[in-house]
Every structure is written in C-alpha cells, then in structure tokens.
Amino acid sequence: MNHLFYTAQLESKVEVRRTLLFFAWFIGGALGIWLLGIVIALPVLVLLYALIEGKERWTTSLVMTACTFLLIWGLFEYMLETRWPAGLLFGY
Amino acid sequence: MEMSLLDAAIKGLTNILHLKVFLAMMVGVGIGTFTAVAPQGLGMPLVYAILLPVVVRWEPVTGMALLIGASSVSAICAAYLPILFGIPGGSGSQATVLDGYPMGKRGEGRRALGASFMAGGMGCLVGTFTLALAIPAAQPLIYLMGAPELFVVVLWGLSMVAVLAGRRPIKGLIAAAFGLLIATVGQQGQSGIMRFVFDQPYLLDGIPLSIIALALFGIPSALDLALTKIGVEQQPAPLKGSLLDGVKDTLREWWLVLRCSFIGVWVGIVPGIGSQVVDWLAYGHAAQTSKDARNFGKGDVRGVIAPESANDAKDGGDLVTTLLLGFPQGVVTALFIVALLAWGYLPGPEMVKKNLDIVYSVVWIQGISGVIGTLVGFVLAAQLAKLAEVRYSVMVPIIFIFVLMGAFSVNRDPIDLLVVVVFGIIGYLMRRFGYPRPAMILGLVLGGLMETYLYRSMASYGFSWLARPSVIVLLSLAAVSFLLTMRARLKRSPKAQVA
C-alpha cells in the first residue's frame with residue numbers, strides 16, 4: 001500500500017493526461033484483438049508502445065515484439081494447441 | 001473413501017513425485033523470483049490471476065505446484081528490493097526496509113540477504129509444519145461442521161476481511177458487497193433461476209472470475225508504472241559482505257525466528273488481520289523484546305530476520321483456514337480456492353474427508369518449494385539484482401500482454417475483452433477512491449460458496465438451522481467481533497490508520 005511509487009506526487013494535469021493515454025493504449029489493444037486477432041494485435045501493441053510511449057530503441061522494441069509473438073503463437077498456438085480466433089477483419 | 005492420516009500424507013507425497021510436477025514447480029519458482037525482484041507492477045495477486053486460466057486446464061497437482069511454488073518463493077525473495085534499493089517490498093515485506101537498507105548501504109547487503117533468505121526459509125517450514133499438524137488436530141472439529149456452521153464461518157471471515165482490508169471499514173464493506181453482488185450474476189447453481197442474465201448467453205455462467213481478477217489487479221498496477229514512469233533508477237546498494245554471516249545471524253537468533261514465525265502463523269489463521277501488518281507486528285515484537293534495541297532502524301540484522309520469518313510463516317497459516325474451512329484470508333488464497341473449485345475440489349471439510357491426500361500434497365509442495373526458494377535465493381543472489389532494473393516501458397507492455405491474453409484465453413470470446421476493459425476501469429476507480437479490491441475479490445469468490453452452504457442449510461433444516469446451538473454460538477462470536485472491530489476502526493482517525 002504505502003509503496004514509494006504511489007506517493008510520488010504528480011501534477012494533476014499530467015496525471016489526467018497519462019491516465020487517459022494509458023487507457024487509450026489498453027482499450028486500443030482490446031479493440032485490436034477484436035479486429036485483427038490476438039496473434040497480430042498484441043505484437044503490434046508491444047512494438048508501438050515500446051517505440052512511441054517508451055521511446056525505446058528500434059532493436060529493443062523489435063526484440064520485445066518477437067518475444068511477444070513467440071509467446072502467443074509459439075507457446076499457445078503451437079505447443080498448447082490453443083487456436084486463437086482470427087480477428088473480425090479476417091472473417092470468423 | 002477415507003484413509004488414515006499417514007496413508008494420506010504418504011500418498012500426498014507420491015502424488016507430487018513426478019517430473020512434470022517438479023518442472024511446474026520450477027517454473028513457479030522462476031515466476032515467483034521474478035515477481036519478487038522486478039520493481040513494482042507485478043505482485044502475487046496479479047500473477048495468480050494470470051496463471052489461473054492456464055492451470056485450471058492442467059492436472060490438479062501440477063497446477064498446485066506452479067501456483068504454490070510461485071507464491072512461496074516470492075515471499076522468500078521479497079527482501080531483495082528493500083535491502084538493495086530501499087524500496088518496500090510487496091505486502092508483508094515492508095518493515096524489512098527499516099533495517100535492511102541501512103545494512104545494504106553500509107556494505108552488508110549479502111549478510112542482510114543471507115539472513116532474509118534463511119529466516120524466510122525457516123519461517124516457511126514452521127508454517128508448513130503447523131499446517132501439517134493442524135490437519136489431524138482440527139479434523140474431529142471439522143467433521144462436526146455442517147453446511148450451516150460453514151455458512152456462518154465464511155460470513156464471519158468475509159465481514160472481518162471487509163472491515164480490515166482498506167483504510168475505511170465502510171468502503172471495505174461496500175466493496176465486499178459489490179463482490180457478492182457480482183457473484184450472483186448467471187444461472188443459480190441449485191435452482192436454475194437466471195439472475196442478471198438479460199438474455200445474454202455470455203452471462204449464463206456468470207462473469208468469469210479470472211478476468212475480473214486480472215483486470216482488477218493488472219490494470220491499476222500497470223497504470224501506476226505508466227503514471228510515474230519510474231523503474232528502479234537509483235543505484236543498488238553494493239552487494240558486499242557474506243551470505244554466510246547472515247545465515248549465522250539467523251541461526252543464532254533461532255528463538256526470535258520461531259516466535260516471529262508463530263506470529264506469522266497466527267496472523268495467517270485469524271481472519272482479517274491481513275498480510276499488510278504481519279511484518280510490522282513481528283518487527284515491533286523484535287524491537288520490544290530485544291535487550292539491546294538501540295540499533296533497530298539503523299541496520300540491526302534482527303530487524304530483517306523478524307519480518308521475513310513472520311511473512312513466510314504466514315502463508316502456512318493462511319493455508320490452514322483455506323484448506324480446512326474453505327475460507328481464504330487474502331486474494332492469493334482466494335484465487336487458489338478458485339483453482340481448487342475448478343479442479344472439482346470443495347475446499348473445507350468436504351476436501352479433508354474425500355481428498356485428504358491432495359491436502360497433504362499442498363503441504364508437501366509448500367514445504368519443498370520453500371526449501372528450493374531459499375536455495376535459489378542463495379545461488380542467484382548476485383544475478384537477481386539485474387532483474388530489478390527492468391524499465392516501465394518494458395513492464396507495462398508485459399502486463400498488457402498478460403492481462404489481455406489471459407482474459408481472452410478464458411472463452412476466446414470478444415466479450416471477454418469488453419469485460420476486462422470494464423473491470424479494468426472499475427479497478428482503477430476502486431484504487432483511486434480507496435475501495436479495497438481484495439475485499440471485492442473475496443466477496444466474489446465466497447459468494448458462490450456461501451450460497452451453496454446457505455442453500456444446503458435451508459434445504460436440510462428449513463429455518464431451524466438458525467436455532468442450532470453451534471450456529472448460535474458462532475453467530476454471536478461473529479457479531480461481537482465484527483461490532484468491536486468496526487467500532488475500533490471507526491474511532492481511530494484516518495490518519496492513524498496509514499501504517
């Protein structure tokens with residue numbers, strides 16, 4: 001509860017902006033999964049977030065994206081044989 | 001099918017002697033270590049929420065090994081951030097910062113870590129032994145518990161947790177009631193009546209609990225990271241000194257370890273005290289009873305040993321009520337109960353009667369993963385510090401992935417995504433306005449169980465179950481403790497409650 005990070009004071013303007021931005025990313029991710037399917041949407045979300053929001057280097061972002069893809073596709077679809085449904089745009 | 005205690009204990013051990021159970025435990029150990037050491041953000045409730053949809057498809061014992069392996073190791077390694085970075089660890093490891101960080105700064109980081117791992121491991125074993133002994137001791141008593149008594153016990157526990165979970169008891173009660181309300185959505189199990197379904201097939205089975213847990217704990221912690229944009233930026237305290245010194249310290253203070261472990265077990269068993277205070281209770285006890293308490297707060301190793309042993313012993317105590325009464329004390333054990341229910345066990349007397357070997361498997365896993373966790377701490381002490389440097393721009397997407405993927409994997413239905421977004425926003429609002437989320441999760445998990453017990457009571461006895469002597473005694477105890485706690489909490493000024 002009394003985490004050091006929670007006590008960090010932010011200007012309320014900054015807080016509101018970052019909160020809204022955060023939920024925009026989150027809801028965008030959910031919409032992306034619905035429209036594009038999870039195998040495409042989550043790696044794209046990670047790539048964009050790392051580049052735009054985190055200002056990470058291209059290489060770091062691409063490595064993160066690849067890991068995400070491997071996790072979703074490799075672990076679930078390939079090894080656990082969990083078929084993820086395709087997105088709305090690609091027909092059910 | 002009842003078996004003797006010894007048979008059950010042996011069968012419980014053979015249940016877990018499989019390679020895949022061991023592998024699952026090691027994966028759990030890895031996850032638990034990362035959770036303990038990576039800066040903020042994660043946390044055991046979220047990890048359980050992420051793992052839940054996966055493990056319920058596994059064989060029970062394998063799944064248990066993963067879950068318990070993760071939580072018990074994460075408790076043992078919880079002192080990492082406090083000692084090296086001066087950041088209070090997860091709940092239950094906050095007092096450690098008072099003496100751990102000064103030790104780290106003056107070049108005794110390894111000694112403090114060694115003491116914390118050793119004290120944690122010993123605490124974990126004390127908790128496990130208590131759990132193992134509590135089963136035969138409580139067995140006759142548990143067999144006397146019928147549905148009416150269980151209903152009252154769970155109601156009692158839930159009300160205590162609600163009052164004590166947050167800063168304001170009223171908000172805790174509201175959160176718990178909200179959880180109970182959400183639990184009613186769907187087709188009622190025994191009667192088949194539809195409640196709050198609105199002709200939506202999705203709502204027939206109720207709102208999936210694992211999605212709610214993911215959203216409620218994942219989104220607010222990811223938001224914290226995105227808001228403050230802080231990773232661990234300060235340099236860690238130098239990793240100097242010797243782990244062995246810490247081990248020696250702990251062994252010399254064995255009596256303190258034992259006392260604090262029992263404080264932990266006690267906190268775990270009594271409903272509602274909660275994990276947030278266990279470390280402070282143990283720390284206070286150590287400072288009060290030590291002859292020479294001058295150095296407390298300035299880097300006394302006893303200030304590390306006390307909270308860490310209590311924190312890890314607590315898990316064993318927590319499992320006592322979880323397994324024997326079907327009543328969880330916190331979010332982690334509540335989600336463990338959800339997993340047990342999904343595997344087809346009804347935690348409480350029924351499980352003790354029918355699946356005693358599984359109960360003992362849990363005991364074995366708890367003990368073994370405690371030992372493994374301690375070893376992991378010792379072996380990897382130097383490498384773990386690197387994990388703490390994970391940045392927010394890496395952590396936030398990781399949490400996004402797991403929350404969205406975890407939610408979507410439940411039914412693979414787009415409505416899953418809607419639910420996770422809605423409850424993510426609810427979780428944010430609850431955090432923002434001080435409604436304790438653990439109280440809501442407990443209400444949600446226990447709602448179904450309470451209803452089952454109430455239904456059975458009414459079906460067997462009508463209203464006359466209320467006149468059973470045991471029910472009257474339990475109800476009066478519940479009412480008295482509830483009212484006393486409520487009064488005490490309302491009297492105290494809100495300021496004093498900020499621990």
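The pLDDT is the predictor's confidence in each residue, on a scale from 0 to 100, and two residues are taken to be in contact if their C-beta atoms, placed from the backbone, lie within 7 Å. The structure described here is a predicted model, in which local features need a pLDDT of at least 70 and side-chain atom pairs count only at pLDDT 80 or more, whereas totals for chains, interfaces and linings use all residues. Residues are numbered from 1 along each chain as its sequence is written, while chains are lettered from A and ligands numbered from 1 in the order in which they are written.

For the complex, the predictor gives an ipTM of 0.87 together with a pTM of 0.86. Chain B has an average pLDDT of 84, with 93% of the residues scoring at least 70; for chain A the mean is 80, and 82% of its residues reach 70 or more. Helices (DSSP runs of H or I, at least four residues) and strands (runs of E, at least two) are numbered from the N terminus. Where pLDDT is low, the predicted coordinates should not be read in detail.

Chain A contains four helices and zero strands, and its elements run α-α-α-α from the N terminus on. A residue is termed buried if 20 or more other C-beta atoms lie within 10 Å of its own, exposed if 12 or fewer do, and partly exposed in between, with C-beta atoms placed from the backbone. By this criterion, 28% of the 92 residues of chain A count as buried. Of the contacts in chain A between residues at least 6 apart in sequence, 50% join residues at least 24 apart.

Most residues other than glycine have a negative phi. In chain A, K55(A) has a phi near 50°, a positive value in a residue other than glycine; K55(A) lies in the loop between α3 (38-53) and α4 (58-79) and is exposed, because 9 other C-beta atoms lie within 10 Å. In chain B, D199(B) has a positive phi of about 60° although it is not a glycine. The loop between β2 (194-195) and α9 of chain B holds D199(B), which counts as exposed with 7 C-beta neighbours inside 10 Å.

The packing of chain B was examined through two of its helices. Helix α9 (residues 209-228) and helix α19 (residues 437-461) of chain B pack at an angle of about 180°, with their axes 11 Å apart, the axes being lines fitted to C-alpha atoms, for helices over the stretch in contact, and the angles running from 0 to 180 degrees between N-to-C directions. This arrangement makes α9(B) roughly antiparallel to α19(B), a term applied to angles over 145 degrees. From α9(B), L209(B), I212(B), A213(B), L216(B) and F217(B) meet R437(B), I441(B), L444(B) and V445(B) of α19(B). By class, this contact has eight nonpolar, no polar and one charged residues, where Ala, Val, Leu, Ile, Met, Phe, Trp, Tyr, Cys and Pro count as nonpolar, Asp, Glu, Lys and Arg as charged, and the others, Gly among them, as polar.

In helix α10 (residues 243-252) of chain B, the buried residues are L243(B), G246(B), D249(B) and T250(B). Viewed down the axis of α10(B), these residues fall within an arc of 115° (taken from the directions from the helix axis to the C-beta atoms), so they line one face of the helix. They pack against α6 (96-143), α11 (254-269), α13 (302-325) and α16 (356-387) of chain B.

Individual positions in chain B were also considered. P328(B), in the loop between α13 and α14 (331-342), is buried, with 30 other C-beta atoms within 10 Å. Not counting residues up to four places away in sequence, P328(B) touches T322(B), T333(B), A334(B), F336(B), I337(B), L442(B) and V445(B).

Terms used:
Angles under 35 degrees count as roughly parallel, over 145 as roughly antiparallel, 65 to 115 as roughly perpendicular and the rest as oblique.
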